[in-house]
Structures are given as C-alpha cells and as structure tokens.
Amino acid sequence: MNSEFGLREFSIKYGFLVLLAGLVLFFSIFASGFAGARSAVFIFQSVAITGILALGVTCTLVVDGFDLSIGSVATSSLMMSAYMLVILEQSAFVAIIACLLMGAFVGLVNGLLIVKMKVPDLLATLGMMFLLIGLQRVPTEGRSIATGMRLPSGEVADGVFPASFLWIGRHRFDVFLEKLIPVPVIIFLVVALIIWIFLELTRHGRLMYAIGSNERAASLAGTNVNYYKILAYVISGITASIGGLLLSARLGRGDIASGNNLLLDSVAAALIGFAVLGAAKPNALGTAIGALFVGVLLHGLTMMNAPYYTQDFVKGGVLVIALVFTFALTSRSRKGGH
Amino acid sequence: MKKLACEIRGLEKAFGPNKVLRKIDLDLFPGEVTVLMGANGAGKSTLVKILCGVHKSDGGSINLFGKLFRPKKPVDAFNEGVVTVHQSINDGVVPDLDVASNLMLDRLTDKKSGFFVSEKNLRIESEKIAEIMGLSFDSKKPVSELGVADRQLIAIARAMARNPKVLILDEPTSSLSAKEADRLFKLLDRLRSTNVAILYISHRMSDIRQIADKIICMRDGSISGTFDEKPLDYEGAVTAMIGHKMTEVNFKISEKGREILKLSSLKLDGDSADINLKIHQNEVVAITGLLGSGKTQLASILFGVMKQFSGSIFLNGNKYSPSNPMEAINLGVHMSPKDRSSNAVIKDFDIEKNLTVPFLNNYSWLSLLKFKGLKNVAKETINDLGIVCQSENDEIETLSGGNQQKVVVGRWLLRPCSLLVLDEPFQGVDIKARRDIGNYIRETSINRATIVFVAELDEALEIADRVLVMNEKKIVGEHKNKNVDINQILVEIAGQSTFSELSR
C-alpha cells in the first residue's frame, strides 16, 4: 500500500523527466549523430520560437485564461517588422520597438475585451486571431515582403533587412565550438528565466496563481484581479511579438505563409508543462521543458528517418500522454478518499 | 390519522468522515406545508438532495405513499412525483428559451414526445399551466428578459407542470419581494387544497408565519425540534434551530476605546430601515440574525464589495466609502468572508500561501517575495491558532474544515488593522476549532474594533462584548454581553411581531 503510493507519487513528480532522459538515451544510442553539442543546440534552436510563445501563453493559463491569438500576433510581428524595414526603410531598432508595442497593444485589447467587455477568453482571442490574420495581409495586398518587391503603387521597395536585425536571428556565439549557440536560443533562455522569476519569485506571480485557482477568493483578499488578468495578456502579446521578430530575422523576409504551426505547437508545450515535476498547473519551467521534449522527440525521430508528415501525430500523442499524467494521476492522489 | 405522503426513517449520510445526517425521522402529510428550518451546515440541503435523487443515503429508508422510495438519479424522483425547486434560480430555468418552452421543458425531454416540436401545442399547454398558476407573462418572451422574481415563479410553475405529489421548495422567497411572495403563497394554498405534500425550506419568519402547518428544526444533522400544535411556537422553533446551550465562557468585557466605525442612517436596500451604529476600539461586537437578515450585505458594504443604498460610513472619523476590497484593506479594514470554499480558500495553494495572500506586499522587496519572512509569519500563525498540520507547506485541501477555517480567518490577523470584520467565522467547524478561533480573536482584539457576524446565538455570546440583533435589514436589539436576557434576543431574532403574537 505504502510503496504503491510512493510509486505513484514518484511517477507524478518525476515521470516526465525520466521519460525525457529515457528518450535522450534512446536516441543517443540508436540515432547516430544525435549525441553531441551541435545536435543539442539544433534542438534548442528548433524550439526557441515556439518556446517563447509558450511562455507567454503560460502566463494567461496561470490566471485561468487562454490566448489563441499568439500565433497571429507572432506572424503580424513578422510582417510588421518586414514592412517597417523594407518598405518604410526604418532602422532595426525602430522596427523592433514598434513590433513589441504592437504585441503589448494586442494583449491589452485582448485583456480589455475579456475583463471589461466580459467576452469569454477563448472567443475574444479567437476573434483577435482572425482579425490579425486578415489585417497583416492588407498593407501588401496579401503578398510576402522582400527587398525589391513591387508595391501596389508601382514603386519598387528598396529597403533591406539590416545586418543588425538579421544578427538577432542568425548570429551564433562561439562557446567551446566555433559558432555554436544562436541568439534566439539565448533569448529563449532569458525569456524563460524572466517569466520563471516573475511567476515563482514575485508577489505578482503569486497573486496571478491565486486568481487562477479561486478568482473570487483572490479578489476578496484584495487582489486587483482585472489588472493582473490584463497584464497576463500583455505579457503574452509581447512574448508572441518577440517570437515573430526572431522568425523575421531568421527568414530575412516577410513570408506571409510562415508561422502557421506556431499556435498549436506553443499551446502544446505549455500544456505538456503541466506534467513536469507533478505541478499539475501552468508553470514556466514546465513549459520550457515541454518545448524541449517535443524538440528532442522530433529531432530524434527525424534522425531515425521518420517521415516529416508524422510530426504532428507525434506531437499530439505526447500532448495526450502528458495530459493523462497531469489530470488522471494527480487528481486521484490529491482527492484521496472522496 | 391522515395517510402519510412521505415517511423518512433513520436517514443517514456522511461525506468522508463528516457526518451530515444522523438518523433523521421526518413525516410529510398530503395537504400540509411542513417548514424545515436550520442554520448553514445543519444538513437541510443534503436531506433535499437525497430526496430529489442527487445523493444516495448511507442508511435508513424513505417511504412514499407506503412504497419504498430509492431514487438513483433526479429523473427517478420526478417520475415518482417528488419535485424540487432549488434555491439557485438558474437551475430552474433556461434563460435563452422563451416562457412557453421553459414551462414545457420537461415535456421536451420526455422520450415519449415526438422528434419535432409542435410550437402550437407547446403554447396551448403552457398557457394552461400559466393560467392555473396565475402567471401572466407573454409566453414568447425569453426568460432572460424577466426579472429574478418572475424567473423564480416560472421555475416553480415548471415544477407544477409535473403534477407533483411531494413538492420541495428550497428558500423560494430569498429573491422575492413581499408582494411577489404573496403570489407564491396563494399558489401554495391552492396546492395544499389539492393534497400535495409540501416541504418548505426557509428562514424568513414572515413566510413561515403565513404558510406553515408544521415546523421542523434541524441542527447539526439531526432533528432538534418538531412544532405542530397550533398556535405554532415560533420562538421555540428559532431556539431549536440556533440553539443556546449556554457555554460558560469567562472573559472580561473590554474597556471601550475611541470610536472607530460609525454608520449613520445607512440603508442596505431601498425599502429597508436606517441603521445607526457606533463601534469602538478594543470592542468585539457580534451581529446576529437569521439568514437573509442583511448580515452578509452589511459585511460586504464594509469591505467595498457592495455599495449601500444610502447613508454614510465613517472610519476613524473620516468618510469611508471603499470601491473594492483592495481599497478597504489599505484603509485598515480586513474582512474574512463566509463560505470559505468559494470565497476564501485558494485550493491550489498550501497553508503558507493561503495565509499570506492578502499581504504579499509586506513580505516582498521590489516585488520579489521574501520567502524566509513568509515562512516565519506562517509558522507563527499556525502556532498561535493551533492549526493542526505537518508543516506550513501542507496543501490546504488536506486539512479538516476547522483547520481550513483557521487558515482563512488567520490570514486577516497577520497584520494589524483598525476594523476587523468576520462573516460567519465559525461556519462548518468543530467545537475545538471554534474555541481556538474565538479565543484568538479576543486575545488580539486590543487596538482595533471587531465585528463578528454569526447566525448562531451561542457563538455570539461566546465571543462578543456586545450583541446586536439584525432582522429584515435593520438593527432590532442591542445587548451588553452580561446577564443577557436570552429569550428577549430570541424574540428579536424571530422578528418583533412574533413577540406580540406570543403575548397575545
């Protein structure tokens, strides 16, 4: 009885990490070239952008909300940065600031729709998603943006992606090996650290968790519930725009078709994060590990020659297993007798 | 001897270790209104839920017209003719459908009715019901456009449409005005004459006086009094419900300090009387009264959750009108709300996090939490209040009700305040926890004013220097807690008119 209980506790807490370690070990043995610094960095790089978005959506999940607009905020940020650089010929700095402000603004509108207009979170952010997908196509009449493109007015766009802008998407730092760690990976880790500190170590994060667990009790304990809910969506908007900027800097053009999978991948990472360390709730560390987990699995399978079209199937499978971990196991152990 | 409609014998129910019903015996006769009274947590709702098939009993039997009645799910109860109108109105109506569809909802769910809805038949049938009930709504109007009272009447009318043999009404007048309630009573009179057995749960003495044929009181899961001899002994019923087994508590009445809180001509509602009240430093004041007497409303106004209808509040001599709890806390008013599970307990948090949630500001530096300070203050409070736990990091849900209550009351004692408001601080706790909480509140009561809202009189007498009685949203009595005349307080709780009726 006791040992059985201990086993369940153990598997809730460390099951997912054990699974991750097992995967790494498995691929290291059976997929040649999987073990190694460059391969590890590749995994990090492949999940950096979705990971950053997932960290934002984690904040909205913490206040018991949801942000479906993150994917479209990211692609809007991608298109907007390209438009500012190529067509308006602005500096990299101006383009970055403008995109971040755009993300924050969209988050603010999402938050106000939910808090003030009482639109349910899923519907408000779904509406915003559609709105942005449409809006980002308007200035260029639905075409991608690249240097030398012909504008609707007949002129040719002369602006270029400056090197300083491309640096944030493409530069690699030398660490032990030459040109090892790309900037987006660093940014991912920094964003993860900041969100982790915010959620776990500050009173703001603590209050956001309180709102997510019992909004009424939090409000009666003097928490400004509306403020924190809006803040969560603003954070989500900003992180999504960071993701879009990194994508833009990596591609070097405003590709209208890229970023389709961003929403689902990042939501999956955040939900997988519930299972890490038995948290059973959204958390920054879990989200980052969740993103890595998907990255490891996909990279490993690719190296073992699994066809690309199985990727979504694999991601879905991981997500379902993680959700079972979270909800079936933890709820049974917490409720005990009832 | 009339034939029994419903005979309940030795009914038992427990949730985990918590015994909610202890061998209940209850008889319902056709053509009789039986009023069931009981404080929060006395077990009324559990009893109702067993009767209408939501919960299963652990022991005992229910006989319906001589036949064993064991509903497994709500539909079973309906089919046997036991119909319940629940307190929460929105359980009884579908707001987006029109009046006719709402009245006929059960016909729609009946498997025997066809696949297609005949709009015409629906209207004809529903108008029949509406007529019997004396309802005069446009049957095409969506229910969402109707007021709360009309919705309540529709929910009741819907219950009528099932031709009940036993009708259970759970606080049906809690959202009705006196006039609307009269309509309901007329309806009940008509039902009574058609031999329906009615179980009526309420605390409004005015209702009870009008319609009760019999009063049953519940307390702590058992029947504490049955009153069926005319004239009904209303005061006895109130006594049986709230109890006043005097428990000797020794404490000195505190020296009054300066005035902290003043309410001047405060009206809770448009049609309620003025409340004028002064509360002083060092003083513990208990405000007692039945459910619905306005206690929680007053507490919510003091904490900025609600606004008063008119009149003003002064705190430390300054006008006080907080627009939300945050402002109230900043002005030095703390409130522990009633119903801990929905209003206070943050169930994903451990004890320490639950204790400290209102005052994280005081335990952080540049927004970064000082974990050591939080841990220490949590440990102190656990010690002071005698919270039984392994450590401050136990999940709140692993604690017993009494210990959870200690946590959610204790969180407001973490920091000093000028006014502490406690709404039902002893709700759902055992006697030991009640003593611990009461003692701690008294020990710390120096330098602040304390108001405790309680429905049970002995809780008030255990803790307060002064006991105020509320009835129908006004203060109807004030007593220094020294050689109090308990009968007088009971009379006041039950409403002044009871007194005149009794002495008549």
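These are some notes on the two chains, their contact, and a few local spots.

1. Ground rules. This is a predicted model, so local features need pLDDT of at least 70 and side-chain atom pairs count only at pLDDT 80 or more, while totals for chains, interfaces and linings use all residues. Residues are numbered from 1 along each chain as its sequence is written, with chains lettered from A and ligands numbered from 1 in the order in which they are written.

2. The A/B contact. Chain A puts 22 residues into the contact and chain B puts in 23; two residues are in contact if their C-beta atoms, placed from the backbone, lie within 7 Å. On the chain A side, helix H8 (203-213) and helix H9 (215-220) each supply at least two residues, and H8(A) gives the most, with 7. Helices here are DSSP runs of H or I with at least four residues, strands are E runs of at least two, and both are numbered from the N terminus. By class, the chain A side has 8 nonpolar, 9 polar and 5 charged residues. For the classes, Ala, Val, Leu, Ile, Met, Phe, Trp, Tyr, Cys and Pro count as nonpolar, Asp, Glu, Lys and Arg as charged, and the others, Gly among them, as polar.

3. Domains of chain B. Chain B splits into domain 1 (6-242) and domain 2 (259-503), with bounds that come from an automatic or database domain assignment. Their centres, taken over C-alpha atoms, are 33 Å apart. Across the boundary, 13 residues of domain 1 are in contact with 15 of domain 2. H9(B) gives the most to the domain 1 side, with 5 residues, and that side divides into 5 nonpolar, 6 polar and 2 charged.

4. The core. In the largest nonpolar core, 249 residues in all, Ala157(B), Val333(B) and Val421(B) touch the most other members. Such a core is a set of buried Ala, Val, Leu, Ile, Met, Phe, Trp, Tyr and Cys residues joined through C-beta atoms within 7 Å. Helix H10 (residues 225-251) of chain A brings the largest share, 14 residues, and domains 1 and 2 of chain B each give at least three. Leaving out residues up to four places away in sequence, Val333(B) touches several residues, including Leu302(B), Phe303(B), Cys417(B) and Val421(B).

5. Helix H1 of chain B. This helix (residues 44-51) is largely enclosed by the rest of the structure, because 6 of its 8 residues are buried. Buried means 20 or more other C-beta atoms within 10 Å of the residue's own, exposed means 12 or fewer, and partly exposed is in between, with C-beta atoms placed from the backbone. The buried set includes Lys44(B) as well as Leu47(B) and Ile50(B). Just after H1(B), Gly53(B) takes a positive phi of about 85 degrees.

6. Strands around E9(B). Strand E3 (residues 33-38) and strand E9 (residues 214-219) of chain B pair in the parallel sense over 5 bridges; pairing requires that DSSP finds at least two bridges between the strands. E9(B) is also joined by 5 bridges to strand E10 (residues 222-227), running antiparallel. Met218(B) stands opposite Gly38(B) and also opposite Ile223(B) in E10(B). In the E9(B)/E10(B) hairpin, with 2 residues between the strands, Asp220(B) takes a positive phi near 50 degrees.

7. Val183(A). This residue sits in helix H7 (residues 183-201) of chain A. Val183(A) counts as partly exposed because it has 19 C-beta neighbours inside 10 Å. Its contacts, not counting residues up to four places away in sequence, are Trp167(A), Ile168(A), Gly169(A) and His171(A).
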